[in-house]
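Hi,

Here is the model I promised to pass on.

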Amino acid sequence: MTRLIIYMKPYTRLILFAVLLLFIQATCDLALPDYMSDIVNKGIMNGDSGYIFKIGMKMLGVALLGMTCSTAVGLLASRTAAGVSKDLRANIFEKVESFSNREFDRFSASSLITRTTNDITQIQMLLVMMIRLVIYAPILGVGGVIHALAKSKSMSWIIGVAVVMLLGLILVMFTLAMPKFKKIQTMIDKLNLVVRENLAGMLVIRAFRTQRFEEKRFDQANRELTDTNLYVNRVMSGMMPAMMLIMNLITVLVVWVGSKQVSALQMDVGDMMAYIQYVMQIIMAFLMMSMMFIQIPRSSVSAVRIAEVLETEPSITNHPHPVELKERVQGAVAFKDVTFTYPGAEKPVLHRINFTAYPGQTTAFIGSTGSGKSTLINLIPRFYDPTEGEVLIDGIDIKKLTLHDLRQNLGYVPQKGILFSGTIQSNLRYADENAAESEMLKAAEIAQAMEFIESKPEGFHTLISQGGSNVSGGQKQRLSIARALLKSPQIFIFDDSFSALDFKTDANLRAALKEQTASSTILIVAQRISTIMNADQIIVLEQGRIVGQGTHRELLDTCEVYREIAVSQLSKEELN
Amino acid sequence: MSENRPPRRQAGGFGPGPMVMAGGQKAKDFKGTMKELINYMTAYKTSFIIVLIFAVFSSVFSIVGPKILGKVTTKLFEGLIAYRLGTGLLTDFDYMRHFVLLLVTLYLISSIFSYLQNFIMSDVSMKITYQFRKDISEKINRMPLEYFDKKTHGEVLSRITNDVDTVSQTLNQSLTQIIFSVTTVIGVLTMMLSISWIMTLVALLVMPASSVIVILVVKKSQQFYKTQQKYLGHINGQIEENYSGHNIVQVFNGEKNAIRKFKELNEELYDSAWKSQFLSSMMMPIISFVGNIGYVAVCILGGYLAVKRIIEVGDIQAFIQYMRSFTQPLAQLSNISNILQSTAAAAERVFEFLNEKEASPDPLDSAPLDQVSGHVEFKNVKFGYREDKIVINDFSANIEPGQMIAIVGPTGAGKSTVVKLLMRFYDINEGEIYIDGHEIYSFSRDDLRSLFGMVLQDTWLYNTSILENIRYGSFDKSDQQVFAAAKAAHCDEFIKALPDGYHLVLNEEASNISQGQKQLLTIARTILADPKILILDEATSSVDTRTELLIQKAMANLMKNRTSFVIAHRLSTIRDADLILVMKDGDIIEQGKHEELLAQSGFYAELYQSQFSNCE
């Protein structure tokens with residue numbers, strides 16, 4: 001929490017002003033019973049209606065002032081909370097944009113999303129509450145005590161009794177119920193899990209005729225949840241009645257003790273009536289504060305999560321004295337003794353990798369899952385930096401280039417086509433806002449995307465929903481490819497980008513691509529051997545090491561791993 | 001997988017507090033739904049009546065309190081005046097003690113009733129919630145699959161969690177609150193009238209004034225709340241998109257643009273956020289101010305009346321207490337229609353689901369099963385997932401026992417349709433399907449499906465041990481039989497290498513074993529089930545080559561002597577098939593043996609060639 005305090009600094013004046021207003025508000029709230037007591041003690045006792053009316057008007061004025069103050073506090077609190085949230089949100093977003101994959105792996109994208117959205121919302125709510133209640137409650141409580149003492153010192157023990165009883169009640173309730181609250185959450189998760197499994201496995205469940213079994217499984221989860229919920233509800237249903245009882249009994253106590261004081265002529269009746277109201281206000285203040293103590297730790301989890309992001313520095317940054325690129329690179333990509341270990345992992349995923357990919361050539365990577373293909377390729381755009389060794393473009397260590405220059409020269413197509421909400425056109429133009437219409441058409445043509453784009457009534461203006469959920473996997477891949485083409489970079493990286501395409505589209509696409517990118521360096525990761533059979537250079541990876549390097553023909557003769565893959569995917573005729 | 005996630009719950013109370021219900025959804029048929037809900041609860045009629053009685057008792061007992069307390073105060077005041085005038089005793093403590101004891105008893109009884117009422121109500125609501133969930137989960141299994149083609153998993157899930165929760169919460173809290181509020185308002189009103197009708201009138205005049213102001217503020221703040229939610233949605237979209245596409249943003253140097261756009265959205269959000277927050281924060285001061293006006297009015301008027309000796313001093317005190325306990329239930333009552341509406345909307349969605357059409361009933365006597373050899377015949381089958389969109393027009397095929405049928409076609413061509421018809425996941429529109437001469441509709445669904453074994457590419461395992469996952473569906477098989485099946489499916493080796501071997505519990509995403517291993521487990525499961533007819537979906541590229549070899553071997557084991565339908569990706573499988581069904585856009589466009597189809601030089605030939613054509 002304290003780590004985020006600096007974000008409140010620009011709003012110091014607003015907050016201080018709010019505190020001042022809260023003081024006035026509390027004074028007003030506490031003055032009312034005083035006036036009432038005056039009406040009873042002086043007005044009624046002496047039968048003076050004029051006095052009663054005069055005091056009444058004063059009360060109205062005080063009430064109005066109180067309302068004005070508390071409305072103004074609302075305004076100040078809202079502006080402060082919304083303002084702090086805005087600043088925090090912008091700072092987190094900017095920070096996350098600068099993160100490398102290492103930081104993304106550490107937090108996970110979904111957690112970063114929650115931190116930028118829900119956690120901030122929590123903070124905003126907390127801030128409003130802090131200003132309006134946390135500051136107000138002690139002022140009201142202390143003020144109440146002072147007023148009550150002024151009326152009668154000898155009855156102050158009643159306030160103590162009330163507060164102790166209420167706090168005791170809250171404490172008991174929460175020690176009984178709190179541990180179960182957490183349990184309920186996991187039980188709800190369990191219930192949801194069973195339902196999700198049932199929905200996802202509907203075919204299997206029906207095929208194996210296990211409906212009864214699944215119903216039993218659900219019933220068990222349902223029963224557990226119901227039982228725990230029941231326990232908590234039974235405990236909590238005692239809360240309100242007990243609280244009411246305590247308050248009522250305290251009132252009776254004040255009257256009982258007070259009446260003795262009145263009859264001993266130590267107190268006026270009006271004062272006793274006012275006293276009841278003070279005690280109630282003090283109790284309210286304590287209730288507010290105890291609610292705060294429950295709420296604050298919850299929200300402070302959010303604050304910690306936000307601070308964690310803000311305090312994390314991106315591990316991949318620009319070189320302090322970067323090499324300036326005068327013109328476009330030639331595109332020779334070389335790995336020199338590159339070893340890479342994921343943070344926290346024991347064993348490296350890549351061992352001393354050495355190769356060069358030349359302009360005008362296609363270099364392909366193949367290997368089983370977990371062999372390190374994607375990791376290798378992710379080192380080129382500096383999503384990660386190698387643990388040892390270096391990656392060179394045209395002989396320059398890529399760490400010496402600015403991130404902007406480096407990435408400007410890369411065309412990268414990920415495994416899963418990632419699109420942004422907008423239109424097909426805005427997605428393609430993501431590569432280059434000023435790209436000409438004709439270039440865009442050409443890119444779509446090469447990526448074999450024209451056919452389906454034209455089949456849509458809106459063509460290039462077809463809306464793409466968030467996450468591209470309204471186009472198929474294959475269409476997403478083709479659009480991602482077109483997007484990369486539109487950038488017309490010198491180096492292309494295809495990370496298994498053809499997997500969702502059928503064989504025919506795959507083949508056509510590669511043919512068109514070859515023509516267009518004759519002078520570029522092409523790096524392809526693939527699972528299908530047919531995709532890469534014609535590459536100029538194939539690199540076979542096995543457990544992070546290069547175990548074969550050469551053309552399809554050469555590898556069939558020399559590389560055991562490659563042959564095994566080939567045999568499983570190709571027919572006899574194709575092998576010979 | 002994102003569509004499988006339950007929809008994110010509304011960010012709890014962003015902006016307006018509980019006073020402003022965010023618009024609230026409305027039920028299409030309020031009356032009907034309420035009737036249905038009441039029907040659903042008839043089993044708990046007695047409990048409801050008891051709750052009602054207890055609630056009335058509880059509020060009545062607590063309502064008399066202030067009046068009695070007022071009497072005590074009056075007595076005190078009178079004593080004081082009498083003392084000053086020198087005409088009497090200061091205070092009659094016996095009289096006082098009597099009243100104080102009465103008060104303590106009343107409050108105690110009231111609280112006990114109130115607790116009992118809450119207690120019973122939470123029991124009832126929990127039982128109803130349990131029943132709702134149980135009914136829904138059983139309903140899922142009786143519904144035709146078509147339903148789930150139209151609805152996302154998230155929607156179904158949200159009925160079980162969110163909607164049921166909403167209904168349960170109303171039952172548990174709102175219902176008792178409503179009863180309590182109604183009795184309190186009536187009770188308090190009676191007591192106030194018994195003290196002074198003029199003061200009651202003044203107090204009542206204050207109420208409408210406050211409700212008008214509150215309604216105005218609520219309306220205004222709801223507007224801002226809606227805009228705020230809209231902008232919040234925009235900004236969350238921008239965040240999700242940019243974070244999940246982080247690599248793309250970076251490699252296209254899109255960070256600056258993203259930040260610029262984000263700041264614009266953020267500014268818009270700020271503007272509506274503080275306004276919405278401010279307006280909703282105005283509620284409390286306004287309500288308490290109106291309350292204070294009432295307070296002042298009671299003091300002035302009460303003071304005046306007391307001077308005139310029309311009422312007593314204690315009555316003023318009692319009146320102030322009544323006014324205080326009047327506002328809250330009244331605010332609750334004004335919210336009733338909102339609560340009932342949103343409950344009805346939630347209950348309606350639950351009932352809608354429970355009343356959905358179920359799959360047609362099974363025939364009364366199922367055809368005999370014992371000697372099924374695996375002969376399958378399709379005769380003029382016509383089928384469409386929707387009536388107006390027929391995908392299979394006229395399909396006939398005769399498959400001898402032990403034959404292998406390959407289904408090929410590009411992605412998304414609907415290759416699994418035939419299989420789904422065969423197992424009666426969907427019912428055909430026209431034509432017949434026979435197994436060993438029996439129409440499939442003459443079997444009960446369970447009997448029919450017991451003939452089949454199915455291995456899908458989309459492996460389905462659940463959150464339990466590997467052993468139980470293999471045993472799934474054949475619960476009577478011994479551990480030894482499970483091990484044997486695992487061996488036949490080539491899983492034994494890798495399972496034994498896992499931390500707990502067969503007892504390793506798969507985690508929720510089953511991500512503690514690899515995709516290929518999952519596939520092997522489902523094969524073992526099918527081997528254990530020992531079906532007559534097989535349905536196989538061959539693995540695609542996501543599996544590494546060595547595991548893929550194992551899977552091929554395991555599948556070959558499985559297919560021995562069984563009629564099998566294979567959704568094929570591998571050329572070797574396709575070429576060896578006894579019959580190839582070629583599908584495109586959901587329709588079977590060609591069928592025959594490999595050579596025949598090649599000779600036709602149609603779509604199949606083209607598809608086949610392209611798989612290993614060189615791109616030059």
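Which residues have the most contacts inside the largest nonpolar core? They are A:Val279, A:Leu428, A:Ala482, A:Ile493, A:Ile524, B:Val298 and B:Phe319, in a core of 202 residues. (A nonpolar core is a set of buried Ala, Val, Leu, Ile, Met, Phe, Trp, Tyr and Cys residues joined through C-beta atoms within 7 Å; buried means 20 or more other C-beta atoms within 10 Å of a residue's own, with C-beta atoms placed from the backbone.) Helix α8 (residues 255-307) of chain B provides the largest share of this core, 22 residues. A second, separate core has 77 residues, including B:Met423 and B:Val582.

Before you go further: this is a predicted model, where local features need pLDDT of at least 70 and side-chain atom pairs pLDDT 80 or more, while totals for chains, interfaces and linings use all residues. Residues count from 1 along each chain as its sequence is written, and chains are lettered from A and ligands numbered from 1 in the order written.

On to where the chains meet: 127 residues of chain A and 126 residues of chain B take part in the contact (C-beta atoms, placed from the backbone, within 7 Å). On chain A's side, helix α2 (residues 49-98) gives the most, with 25 residues.

As for chain B, 43% of its 616 residues are buried. Its strand β6 (residues 452-455) pairs in the parallel sense with strand β7 (residues 533-537) over 4 bridges (DSSP runs of E, at least two residues; pairing needs at least two bridges). B:Phe452 sits opposite B:Ile533 there.

Cheers

How values were computed: Contact = placed C-beta atoms within 7 Å. Buried ≥ 20, exposed ≤ 12 C-beta atoms within 10 Å, placed from the backbone.
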